[in-house]
Amino acid sequence: MTRRPKSLEQWVEEVAAHTRPRNIHWCTGSDEEFDTLVAQALADDTLRPLDQERYPDCYLHLSDPSDVARVEHLTFVCTTDRDDAGPNNHWMAPDAGHAKVDALFAGAMQGRTMYVVPYCMGPIDSPYSRCGVEITDSRYVAINMKLMTRMGDAALRRIEADGSFVRGLHSTGDLDPERRFIMHFPEEMMIKSIGSGYGGNALLGKKCHALRIASYQARSEGWLAEHMLIVGVESPTGDTHYIACALPSACGKTNLAMLVPPASQPGWKIWTLGDDIAWLHLDDSGRLCAINPESGYFGVVPGTNEDSNPNAYRMIQHDTIFTNVARTDDGEPWWEGKAVGEPAFDWRGRRYDPNGGPAAHPNSRFTVAASNNPGYSELAEAPGGVPLTAIVFGGRRRELAPLVFEARDWRHGVLVGAGVASETTAAMIGEVGVVRRDPMAMKPFCGYNFADYWAHWLSFTERSDRLPRIFHVNWFRRDAEGRFLWPGFGENLRVLRWIIDRCEGKIGATETPIGYLPKPGDIDTEGLDIDAQTMESLTAVDIDGWSQEMASIGEYLESYGERLPAALRRERDRIAAQLAEAS
Ligand code: GTP
Ligand code: SPV
Ligand code: MN
């Protein structure tokens, strides 16, 4: 048996005494254990079988209908000083936060198995990886953690060596949204989550640890924990550039990370390193390197088909857990945009009613091991990560934001990131389609005050002169009829190529107050059904619109008060002045 650190055993005992589970299971991470967990989940209806012939080892989980997305209004960062959590987080004093949830955890696991899930975020032998232990009474969570992280004995051995780990306590409780809380105690490296069994609320290694707790830790240790995909773009001559891209939830990270080059782009290859989270470190030579702390994907299902994302579509034909999709009459999973089959049962498990809303929940998800992805990069397990050529920010904007532009330098890039706005999506409970500020796509995930976070980002210029260049993209511009102006998906490679050409110094650009934009004709549109006028509007800067935007960004930044870095304010003022001059 792998040795269990004393501090961990003690904590497990304390939690068991408080939550009163029927029994305790320490997860080893073995394949046999996984099979047993799945068999048990099938027996108690946590998982339902799908057609095992066409979808081997695929299962369906239907969550409680009130529990289908992250809950930002119930997510708290509990720091001693309220200002350390910042206006970007809901805050509670640590004592009050503990008291609130500890009362709900009392006896919460009665009659259930308590799983002790050791996990490692990042390659087991990477100096950049960090471990945690999640205690949970959800078998679904234990199953998902096996697919999403390096889970079990190997992680336990690393915890023993590291001497520290993030503690995550989770119970599905009674699933009543009134008694649902996702609490973070970054000063104690602790998470307590109760009342939800869903994704980001319950798989504590993901958003709770790898972003909220890790971002807090990263600030004091000099690195960055970001809501970014990591992708390798290999040119026909065999050079590979690595790019990390921050897009808000359900705004295209998985799709970009798994892009399959269209036939019009012969010789190009795309390698996936990560689709949701990146941890960034400066190496000894000053390059910014990225690792993916996860080892699996929890991806949006609707819209995935042979055309939009062929690699993902094939990847989820086997060894996949589907959450909240619909089913066909013959037991296949079905979702809007699948392009084949017909739904018979919706995501609530009811007979499908065409007038009763979508068959699959818009935030239905697949869970699958990253090694299932045909484009999985061989460097995804590299302990040192991959050096980044470019960082790309983006949002979902019907208007204003051009297809792509480049920041003038790192400081300007930090402002571009801080100014990101995007339409809300089904990934969180709340209204969909409302534009809000989502700096660096981290609004729901930054574990500390954004003002301090921007200062931390800015500090990297003092530490390296080899930083990646920074860009902004928007795949989501629409015409008056609501149609997307840009084809997106695989065709986004054309934009990545422009980005790489810029980084290699191969190509010029039009200088504007908001940054460098592609010159007409510099983005390859050969073979696309897109006219020059559309390209012109996708790559133009609306000076009046941007003047208003910059005023709005200014107001937003000022809402952070005196902690706002002066350099960021000056950068905004500089661009606002240039826009005023241009109008
Ligand atoms: P999270 O897992 O929530 O962090 O999301 P994500 O950023 O990985 O988003 P994902 O790639 O799953 O895409 C979300 C939705 O955006 C899906 O419905 C996609 O079909 C759609 N989408 C992705 N890329 C594009 C694109 O280039 N153009 C358009 N129009 N839609 C896209
Ligand atoms: C997101 O919402 O950004 C996700 C899904 O990636 S979840 O794991 O639920 O956070
Ligand atoms: Mn995400």
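# A walk through the model

Start by selecting helix 12, residues 450–463: at 1.5 Å a residue its 14 residues should span 20 Å, and the end C-alpha atoms are 20 Å apart, so the two agree. (The expected span is 1.5 Å times one less than the number of residues; helices are DSSP runs of H or I with at least four residues, strands are runs of E with at least two, and both are numbered from the N terminus.) Before you go on, note that this is a predicted model, where local features need pLDDT of at least 70 and side-chain atom pairs count only at pLDDT 80 or more, while totals for chains, interfaces and linings use all residues. Residues count from 1 along each chain as its sequence is written, chains are lettered from A and ligands numbered from 1 in the order written, and side-chain values use heavy atoms, with hydrogens and water left out.

**Around helix 12.** Show the side chains next. F450, A451, D452, Y453, W454, H456, W457, L458 and F460 are buried, meaning under 20% relative accessible area with a 1.4 Å probe and protein chains only (exposed is over 50%, partly exposed in between). Now pick N449, which caps the N-terminal end of the helix: one of its side-chain oxygens sits 2.9 Å from the backbone nitrogen of A451.

**Cysteines.** Select C446. What is its relative accessible area? It is 0%, so C446 is buried. C58 is buried as well, at 0% relative accessibility. Searching the whole structure turns up zero disulfides, a disulfide being a pair of cysteine sulfur atoms within 2.5 Å. For C446 the nearest cysteine sulfur belongs to C208, 14 Å away.

**Strand 10.** Move to residues 181–185, where five of five residues are buried. As a rule, side chains in a regular strand alternate between the two faces of the sheet. Here both faces are covered: F181, M183 and F185 lie on one side, I182 and H184 on the other.

**Ligand 2.** Select ligand 2 and the 13 residues around it (a heavy atom within 4 Å); R70, G200, K206, K207 and S249 come nearest. Now look at the polar contacts, pairs of N or O atoms within 3.5 Å; within protein, one must be able to donate a hydrogen and the other to accept it, and residues adjacent in sequence count only if both atoms are side-chain atoms. Oxygen atoms of the ligand lie as follows:

- 2.6 Å from a polar side-chain atom of K207
- 2.8 Å from a backbone N or O atom of G200
- 3.3 Å from a side-chain N or O atom of H227

Alone, ligand 2 exposes 280 Å², and the protein buries 98% of that (Shrake-Rupley areas, 1.4 Å probe; for residues, only the protein chains shown count as cover).

**Last stops.** Colour the open five-strand sheet, with order 2-3-19-22-18 and mixed pairing. Strand 2 (48–49) and strand 18 (296–300) each have a single partner strand, so one side of each lacks a neighbour in the sheet. Inside it, strand 19 (residues 321–323) pairs antiparallel with strand 22 (residues 365–369) over three bridges, with I321 opposite T367. Finish at D283, in the loop between strand 16 (278–282) and strand 17 (288–291). D283 is buried at 19%, and its side chain reaches the backbone nitrogen of S285 at 2.9 Å.

Definitions and conventions: Pairing = 2+ DSSP bridges.
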